Amino acid sequence: MPRLDNSLPLALDGYAWLPERRRRAGGPFATRLAGLPATGIAGPDAVRFFYDEEHVLRHGAIPEPVQGTLFGHGAVHTLDGDAHRHRKAMFLSLLGPDGVAALAEETAAAWDRAAAGWARREIVLFDEASRVLAEAVCRWAGVDGTLPAADLVALVDGFATLGPRHWRARRARGRLERRLAGLIGEVRDGTAVAPAGSAVAVIAAHRDLNGAPLPPRTAAVEVLNVIRPTVAVCWFVAYTAHAMHLWPHTRRRLRAGDPAYVEAFVHETRRFYPFAPFVGGRAARDLTWRGTRIPAGSMVLLDLYGQNHDRMLWEEPYQFRPERFLTLPPGRDDLVPQGGGNPATGHRCPGEGVTVGLLGTLAPRLAALDWTLPPQDLTISLRRIPARPRSGVVLAVPAVDRAMVG
Ligand code: HEM
């Protein structure tokens, strides 16, 4: 019997769509999505199955509306094999420990400058954090001036809908790519200078496996693939305030500044709160997973949100408990908010160090800032992808604050 296409239920159920159907199926969930057969899987073994290129490839897997907003056309996300590993190495070279430390320093400085102006005001944390991150990452990446934070947020906000948010994201991408492609051209012909080793300099000079430089528009796409997700850390910054409000003891412990607790809190924030729902690829050949046949060319979906809330992996998964990460660091293929597997050989996010580093810098600062929450709607609807607290988290900051930490 033909299976019903699940694009509409996905749009209606959001984050619950795949975990709920896997639960009902009692294992892999076979369906149709965007006109293709699709199988939803999860768990550490499924992560290893999914990230094996003998099983799952990315070419032709990412729908155009997602490329036209979130990732950009020709992005590293869409490559396979040697071409992928070569381009990926460029990202990893930029995002190692030295890169993370320098970006964290820029971010701390930008936060402290912004926080100095928050006294006696009500601020929307999501918006403020996006501007702080945009300023810091543009400076760090070697972009002249700061790209508009609202445009960078729009790219993420509009990828999973075909409504007005989506068209806003497409327009923002057009503006951002044009500006950055111009900058790449100027850096290449010497009319602009990007600091040596910066993302703009490295991407402008990068040559693909065939020895050719990236077309300016593709180079712009990849510069954005560093800048856009760094600004998206504002989603998690808003979530950290949400957590500190609901579980005030976490704020007290963050203020004490124990680095092990800060890191555990950051991991729990990435595990608990909704961001990337799942990732998808196409079966490289006919496959079988736990008895379910996966035909060549069909979609395979790895349920990231579902795995991060799986009772088999996490004790009381719907409790926010940073302590779970105090004794044991997260297993490579257990905690998967940014994908799983080996980032050098597969598509796992190369920006996990950045995400953990920036949240580890900002969460203690936020905990130390004097704020209260005025009445507001903090609801996080799991039907909206990407989710976020409805109010953006409004903070009332009194006259004298204690914003500075360390
Ligand atoms: C805001 C928090 C972030 C989340 C939730 C997130 C999530 C993800 C996810 C789910 C993937 C796809 C994994 C897959 O396809 O298997 C990914 C890939 C990627 N992310 Fe992130 N990410 C974040 C931050 C970052 C940062 C800070 C950077 C860079 C500075 C970054 C750069 C990338 C790139 C370049 C890829 C493509 C990797 C590839 O295809 O090989 N991300 N991310």
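Start by selecting Phe 50, Tyr 51, Asp 52, Glu 53, Val 56, Leu 57, Arg 58, Asp 80, Thr 345, Gly 346 and His 347, which line the largest cavity. You are looking at a predicted model, in which local features need pLDDT of at least 70, side-chain atom pairs count only at pLDDT 80 or more, and totals for chains, interfaces and linings use all residues. Residues are numbered from 1 along each chain as its sequence is written, and side-chain values use heavy atoms, with hydrogens and water left out.

A cavity here is a set of points, on a 1 Å grid over the protein atoms alone, where a 1.4 Å probe fits but cannot get out; lining residues have an atom within 4 Å of a point. The space in this largest cavity is about 70 Å³, a volume being the space filled by probe spheres set on the points, with grid points joined across faces, edges and corners. Colour its lining by class and you will find four nonpolar, three polar and four charged residues. For these classes, Ala, Val, Leu, Ile, Met, Phe, Trp, Tyr, Cys and Pro are nonpolar, Asp, Glu, Lys and Arg are charged, and the others, Gly among them, are polar.

How many cavities of 30 Å³ or more are there? The count is two.

Next, move to the second largest pocket, with about 690 Å³ of space. A pocket is an open set of points with protein on both sides within 12 Å along at least five of seven lines. Select Pro 19, Arg 22, Arg 23, Gly 306 and Asp 310, the closest to its centre of the 26 lining residues. Then show helix 2 (17–25), strand 2 (36–41), helix 3 (44–50) and helix 15 (304–307), the elements that each give two or more residues to this lining. Helices (H or I, at least four residues) and strands (E, at least two) are DSSP runs, numbered from the N terminus. Helix 2 gives the largest share, four residues. By class, the pocket lining has 13 nonpolar, six polar and seven charged residues.

Last stop: show helix 7 (residues 125–141) and helix 8 (residues 149–157), which pack at an angle of about 105° with their axes 9 Å apart. Axes are lines fitted to C-alpha atoms over the stretch in contact, and angles run from 0 to 180 degrees between N-to-C directions. Helix 7 is therefore roughly perpendicular to helix 8 (65 to 115 degrees). To see the contact (heavy atoms within 4.5 Å), select Phe 126, Ser 130, Arg 131 and Ala 134 of helix 7 with Ala 149, Leu 152 and Val 153 of helix 8.

Notes:
Parallel < 35°, antiparallel > 145°, perpendicular 65-115°, else oblique.
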